Amino acid sequence: MANTVVSLVSIALLCITIAQGRPNFEATPSSVNDHGFQIDGICQTAVVTQGYKCEEHQVQTDDGYILSLQRLPAGRSGKKADKPPVLLQHGLFCDALTWLINGPDEALAFILADNGYDVWISNTRGTKYSRGHTSLSSNDAAFWNWSWDELASYDLPAFVNYVHKNTAQNIHYVGHSLGTLMAFTAFSGGKVFNMLRSAAMLSPIAHMRQVNSPIARIFADQFVAEHLGLIGLHEFIPNGEAAAKLVEGLCTTLKIDCSNPLAFFTGPNCCLNSTKLNSFLDHGLQSTATQNLIHLSQMIRTGSIAKYDYRNPLQNGQHYGGVLPPPYDFTAMPKEFPLFLSYGGSDMLSDVNDVQLLLNDLKNHVAKKLVVLFRKEYAHVDFFMATNVKQVLYDPILSFFLVN
Ligand SMILES: *[C@@H]1O[C@H](CO)[C@@H](O)[C@H](O)[C@H]1NC(C)=O
Ligand SMILES: *[C@@H]1O[C@H](CO)[C@@H](O)[C@H](O)[C@H]1NC(C)=O
């Protein structure tokens, strides 16, 4: 074990060496047209190309981040939406492309638009098209001073408020992975509820003690993110050479075959189309804050769902007024709020036993208002990229929205 830790520290040091030698990672400079729209953004590259109308929007959070949202106001036929707004929130290392990559027949954003919904797709702080801030640059350490606490308390409320204000209607929410943790957290604080109609949670992330992804497990157990933070790597770039070396090093050290890192991280996805997977990876996995990964590692190690732990009684005291970070209470969600929850038997991040704990938290939920869909063969990525995801998952979501 000691050897493993030593190797990990040397890998981490290798990372910083590489990181310092690499050019600064910045979203490719945006080209902006006369109306201020990014012509190389998500709309132009992934929506308009499929024959759909698309609008680029920007929203500012209360802590100064400038985030992008895309809107599909009409279906393929051009018919304007006549159903309520839906907000789609991606997960870790992803962005809006999550909901588009599967193309018009199998991607949720297009399917919803074709069914008359007013579709809004959000991009959280740090992702390619959400790297603006009123006073910070993404090269500043302070730009990366956040975890999912802030995604839940700033980004999500900013998105929901913006869509609500622009449409004057309550919203259906769909989250994948970290997008579900953001929502459960915001809900537990009583935030954003009054502007939502329902929520669909795909590959839910809440309790994480039983995560059985070898990569996530080792990452947490060996305090890898903490090491990266200590050596000053505040932005975690999953595409970067440093991350690739890190995973390679972990696999070699632990003698596991990582020829398919995606499977070792997310589980054996049943139903991916490799052409689509490659174009998703070409777009790039998205950066996150190292602090966010530290926070997730804390959850994996302790099994608790609490605010970020500064691992220092004084700092916890300053932020929370106590030596320990306060827990979130997911049992506090209103019992009548319409919830759709779907999880997979092969998912290594949203483990079935952890999902059982979440369902236990929801045991007092009004039965009619909680739809649970289990798919034995699905792993984490299948929930947005499976070739059969429309029939398996999105059609049931459409039915759920119709009655809520
Ligand atoms: C990080 O943010 C916290 C508030 O959440 C603040 O107290 C702290 O000073 C910030 N640290 C840096 C390095 O910006
Ligand atoms: C995979 O996706 C590509 C690109 O969208 C498509 O042309 C191809 O037919 C798909 N393959 C299968 C087996 O569905």
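Predicted model: local features only at pLDDT ≥ 70, side-chain atom pairs only at ≥ 80, totals over all residues.
Helix α9 gives the most residues to the lining of the largest pocket, namely six.

The largest pocket holds about 1000 Å³ of space. Its lining counts 42 residues. Nearest its centre lie Phe-93, Pro-238, Phe-265, Thr-266 and Leu-285. Several helices take part. Two or more lining residues come from each of α7 (214–221), α9 (241–253), α10 (261–266), α11 (274–283), α12 (290–302) and α15 (382–385).

What classes of residue make up the lining of the largest pocket? There are 32 nonpolar residues, nine polar ones and one charged one.

Now take the second largest pocket. Its volume is about 380 Å³. It is lined by 24 residues, and Asp-149, Glu-150, Ser-153, Tyr-154 and Lys-307 are the closest to its centre. Helices α5 (148–167), α6 (178–188) and α13 (313–320) each supply at least two residues of this lining. The most come from α5, which gives five. By class, the lining has ten nonpolar, eight polar and six charged residues.

## The cavities

The model also has cavities. The count comes to three of 30 Å³ or more. The second largest cavity contains about 80 Å³ of space. Its lining is made of 14 residues. Gly-91, Leu-92, Phe-93, Thr-124 and Thr-288 are nearest its centre. Phe-93 is a name to remember: it is also listed among the residues nearest the centre of the largest pocket. The lining of the second largest cavity divides into six nonpolar, seven polar and one charged residues.

The table sets out the spaces described so far.

| Space | Volume | Lining residues | Classes in the lining |
|---|---|---|---|
| Largest pocket | about 1000 Å³ | 42 residues | 32 nonpolar, nine polar, one charged |
| Second largest pocket | about 380 Å³ | 24 residues | ten nonpolar, eight polar, six charged |
| Second largest cavity | about 80 Å³ | 14 residues | six nonpolar, seven polar, one charged |

## The two ligands

Which residues are around ligand 1? They are Ala-142, Asn-145 and His-319. Asn-145 has a polar side-chain atom 2.3 Å from an oxygen atom of ligand 1. His-319 has a side-chain N or O atom 3.2 Å from an oxygen atom of the ligand. On its own, ligand 1 exposes 370 Å², and the protein buries 38% of that.

Ligand 2 is surrounded by Asn-273, Thr-275 and Lys-276. An oxygen atom of ligand 2 lies 2.2 Å from a polar side-chain atom of Asn-273.

## Helix ends

Asn-273 has a second contact to look at. At the start of α11, a side-chain oxygen of Asn-273 comes to within 2.8 Å of the backbone nitrogen of Thr-275. Both residues are among those that surround ligand 2. At the other end, just after α11, Gly-284 takes a positive phi of about 110°.

Which residue caps the N-terminal end of α13? Asn-312 does, with a side-chain oxygen 2.8 Å from the backbone nitrogen of Leu-314. Just after α13, Gly-321 takes a positive phi of about 75°.

## The disulfides

A disulfide is a covalent bond between the sulfur atoms of two cysteines. In this model the count comes to two. One of the disulfides joins Cys-43 to Cys-54, with an S to S distance of 1.9 Å.

Why is this disulfide of Cys-43 and Cys-54 called left-handed? The torsion about its S-S bond is about -70°, so the bond between Cys-43 and Cys-54 is left-handed. Cys-43 lies in helix α2 (residues 42–47), and Cys-54 lies in the loop between α2 and β1 (55–60). The pair therefore ties together parts that are eleven residues apart in sequence.

How values were computed: Residues numbered from 1 in each chain as written. Chains lettered and ligands numbered in written order. Heavy atoms only, no water. 1 Å grid on protein atoms, 1.4 Å probe; cavity = no way out; pocket = protein on both sides within 12 Å on 5 of 7 lines; lining within 4 Å. Points joined across faces, edges and corners; volume = space filled by probe spheres on them. Helix = DSSP H or I, 4+ residues; strand = E, 2+ residues; numbered from the N terminus. Nonpolar A, V, L, I, M, F, W, Y, C, P; charged D, E, K, R; others polar. Near = heavy atom within 4 Å. Polar contact = N/O pair within 3.5 Å; in protein donor to acceptor, adjacent residues only side chain to side chain. Disulfide = S-S within 2.5 Å. Areas by Shrake-Rupley, 256 points an atom, 1.4 Å probe, with all protein chains shown as cover.
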